[in-house]
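Me: Please take me through this structure in a few questions, and give the cut-offs behind each term as you go.

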Amino acid sequence: MSEAPHLTFDLNTSGVSTGHLVVPKGADCEALSLPVFSLNKGEGPRLLITGGCHGNELEGPIVARRLVDWLPEAQTCGKVIIVPVLNPPAVQAWSRNTPLDELNLNRVFPGRADGSVTERIADAVSRLLLPMADTVFDLHSFGPTWDFPPASVTHPIADADLMAKTLQMAEAFKLPVTLLWEHDDTHGMFDTWAHSQGKVFVCAEFGGGTVDSEALAIYEAGVRNAIIALGLVEGKAEYPVFCQQKSSQTLETLLSDELKSPARGIFEPRCSVLEEVKQGNIIGILHSMESLSAESIDICAPTTSIVCAVKSGIHVDVNEAVAILSRPLKL
């Protein structure tokens, strides 16, 4: 490896600065240059905003670029660092994972300086950007195969004080859903690593499916609300309109709330996100494509709950997730 990861400019410079985070070359590819925006207005909160961790979730990079245009006139104090695209090879390939090594950037933190390209990206972010922030907003969407409401998401945190601060920050987005998500695959996640460093980290999951202008407006409004709540920008937060309503609810989903397909076939959704369902209500139907004589299988809600996410009509394998249920969080 020819060099260590580095920034092409000083993040402590006052005012607006732009440059690149240079991820060193390795055996698999040449060096990467990730565009970085910094706005330093002195004392105050220190916020890092990232997008493009997964290459097929493009709402984040779009909203991040909008923030780059908005903040210079709006920000009154503190420091904001924005990296619209964390994983350029994945974004260019419209791929969840990095095509060069097939790794998921959001499962390899804190990375390795001598690792493959995905691990080197995580190492550069962990070493040079994360220490500069107290709060992190990582802008995702739920991916193109799911229907999911605009939501701010966090996972359970052992540190009770950090958990409370993180949940409060997540609720400040005022998106339709704030979700406390018990997940079984958090090793190497960006937020898991940031939490271990004492950072408040919120993952904004900006829906799923196609990118449209109405959804982007909701997502941008949510991030602006959180920035206002941090005190970086003066103004009044507002609830974005979603499904003709201005409201927000804090939900919890457990490992047992993930419904999985009992067989191979095409999943037909029979419910909508944020729909309240009762025990036995049909969430979706699985149609066999291997036999016309095989009966379709009803996939039903095991308990009274709220539909948090549902697969958007796709061929699934046995034991593949097709829906995620939830319920109001009781603190």
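**A buried serine and its surroundings**

Reply: S305 is buried, because its relative accessible area is 5% and buried means under 20%, with exposed over 50% and partly exposed in between (1.4 Å probe, protein chains only). This is a predicted model, in which local features need pLDDT of at least 70 and side-chain atom pairs count only at pLDDT 80 or more, while totals for chains, interfaces and linings use all residues. Residues are numbered from 1 along each chain as its sequence is written, and side-chain values use heavy atoms, with hydrogens and water left out.

Me: Which backbone oxygen does the side chain of S305 reach?

Reply: A polar contact is a pair of N or O atoms within 3.5 Å; within protein, one must be able to donate a hydrogen and the other to accept it, and residues adjacent in sequence count only if both atoms are side-chain atoms. At 3.2 Å, the side chain of S305 reaches the backbone oxygen of T303.

Me: How are the rings of F206 and Y219 arranged, stacked or edge-to-face?

Reply: Rings of Phe, Tyr and Trp (its six-membered ring) pair if their centres lie within 6.5 Å, and planes under 30 degrees apart count as stacked, over 60 as edge-to-face and the rest as tilted. F206 is buried at 0% relative accessibility, and Y219 is buried at 4%. With 4.7 Å centre to centre and 5° between the planes, the pair of F206 and Y219 is stacked.

Me: What is the angle between the planes of F142 and W146?

Reply: Both F142 and W146 are buried. Their aromatic pair is edge-to-face, with 5.5 Å centre to centre and an angle between the planes of 85°.
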